[in-house]
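Here are some notes to read alongside the model. Please keep the sequence and the structure open while going through the points.

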Amino acid sequence: MHLDIQHIIYLLSSVTFILGLKMLSNAKTAKNGNSLAAVGMIAAMITAIVFHEGAVSPLVYGLIFVAIAVGTVVGWLTAKRVQMTKMPELVSLFNGMGGACAALIGLVEFHHYVGDSMSMSVILAGMVIGSVSFSGSMIAWAKLNGKIKNAIRFPKYNILNTIILIGLFVYAAWMVWTGTGSEMHLYVLFAAALGYGILFVLPIGGADMPVVISLLNSFTGLAAAFGGFLYGNQVMLTGGILVGSAGTLLTLVMCKAMNRPLFNVIFGAFGAGTTAASEAGPQGNVKEVGPSDLAVQLNYSKKVIIVPGYGLAVAQAQHVIKELETILEERGVEVSYAIHPVAGRMPGHMNVLLAESNVEYDKLKEMDDINPEFAQTDVVLVVGANDVVNPAAKTDPSSPIYGMPILDVENAKACIVNKRSMKPGYAGIENELFFRDKTQMLFGDAKKVLSELVAELKALD
Amino acid sequence: MIEFFTENKDMIFIVILMIFVGVEVIGKVPAVLHTPLMSGANAIHGVVVVGAILLMLNTEPDNYLALGLGTVAVFLGTLNVVGGFVVTDRMLEMFKKKK
């Protein structure tokens, strides 16, 4: 009887996961979908505790409750307090925690199943994938918050990584084959998996982190599913596989939006391409513009499009840009935002940021909708974006970003680019746009110069 | 292999069907929602915490090493679940406000 209720609740939880994920892919239902899945998760956790058969000491219950309580408080506070610009790295951090959880399960359960080759395979697979996901996520987290600045590449790192990966597989297979119960082998495998996770993510550039996080996300799902197999627990299995498969597809969708094959992300085709491209850039004179001149120019425009990029997020300029928008609208200027699919550090990152500063949802235009509008635009203001407006993506087949869909800002009557310096973007390539006749550069930290611009506009009245 | 399939046929059914469900569910999602979706999926794989709970419940009360590691696992899993859902909710809150 107990067992039946347990299975029914697990079934319902699985349904909430599926429905929740489905609702998350539609803007209107997304929030409810998230809450629904959360309810299912709580139900599954309670069920696992309440319907457990067999005697359990109070100490164990106590430890479980303390761990859940502390985890809830810490998780809740961290998630509530984080600034929205730091959100991508937080997702990576939480993903790593899930991976570590799966890895620990494998470490502890291993000795219970020595000799049972099927269970051993499941445990080792879950542990290895969980560990890779954990250490990989930590590196991704460190990269996103700037603790690790550059892509670190050892010589022949692709070959090295591949050898380690094969080594991991062979070592785990050997452990299963011999049915060894040696803890030493277990820890060596664990350490090697952690090492592989680090080496896997280290060479990948910061701009590709969203893809990597999404991939590691599906890894953790897989690790959870192996746990489900081990315990014969359906809800772990459904939740894990669901995320594993949805996560993999999401990874591919993201790659497509960036026009970067997954293979290139992992094996770093950018690194190879940059040398050829960086010297080819058409050098010339750039025109600079100051906030006061720009204020006048904007004041007499009819239509202005703002193109936000990662520089805006870094400078925390989302509130100032909203202020600028409000002032311009008061003066009768039509303002909208052009959001490139991969603007910022995660797809949708810019939307979340601008939403935070109360920019209206309707003003955020997706690339395909806004591209035809540039031709009728007086001024385009590019804030901290670079590669997504680089015309080389359309014109220069030798460019590493060739083929990536870009925003056609060069069609506008005037193009103002705000950057801190002339340094190239993450792709490490020159942007011909900066040297064009219609382009003017507004150098400086986005928040600072935009504040000056707003002040100048106010003074104009 | 056949033996493995017979023993675990229910589980294998779930796995195969779930793979298709996962692909189907994501289907056509606007780029705007990629981040919240990833974050939501991130919270859902926190279901691994159920495994950590089962691990604790099956551990002998005098196996302190296992209990210690298990407690850490439950803590980390909970962090994944709670943090994941709350941060997703915060992201989506911002989309909703201006309607």
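Predicted model: local features only at pLDDT ≥ 70, side-chain atom pairs only at ≥ 80, totals over all residues.

1. A word on terms comes before the rest. Helices (H or I, at least four residues) and strands (E, at least two) are DSSP runs, and they are numbered from the N terminus.

2. The backbone at A:Q316 deserves a look. Its phi is near 60°, a positive value in a residue other than glycine. Most residues other than glycine have a negative phi.

3. A:N358 is not a glycine, yet its phi is positive, at about 65°. A:N358 sits in the loop between α15 (349–356) and β3 (364–366) of chain A. With 14 other C-beta atoms within 10 Å, A:N358 is partly exposed.

4. Turn next to a residue within a helix. A:S135 is part of helix α5 (residues 117–144) of chain A. A:S135 has 24 C-beta neighbours inside 10 Å and therefore counts as buried. Which residues does A:S135 touch, not counting residues up to four places away in sequence? They are A:L194, A:G197 and A:I198. A:V201 is 66 residues from A:S135 along the chain, and 8.8 Å separates the C-alpha atoms of A:S135 and A:V201.

5. On the division of chain A, the domain assignment gives domain 1 (86–267) and domain 2 (291–460). Taken over C-alpha atoms, the centres of domain 1 of chain A and domain 2 of chain A are separated by 37 Å.

6. The last point concerns the two chains. Chain A gives 93 residues to the contact and chain B gives 72 residues. On the side of chain A that touches chain B, the elements giving two or more residues include α1 (2–24), α2 (30–50), α3 (58–81) and α4 (87–109) of chain A. Which element supplies the largest share of that side? The largest share, 18 residues, comes from α9(A). By class, the side of chain A that touches chain B has 58 nonpolar, 28 polar and 7 charged residues.

Terms used
Residues numbered from 1 in each chain as written. Chains lettered and ligands numbered in written order. Buried ≥ 20, exposed ≤ 12 C-beta atoms within 10 Å, placed from the backbone. Contact = placed C-beta atoms within 7 Å. Domains from an automatic or database assignment. Nonpolar A, V, L, I, M, F, W, Y, C, P; charged D, E, K, R; others polar.
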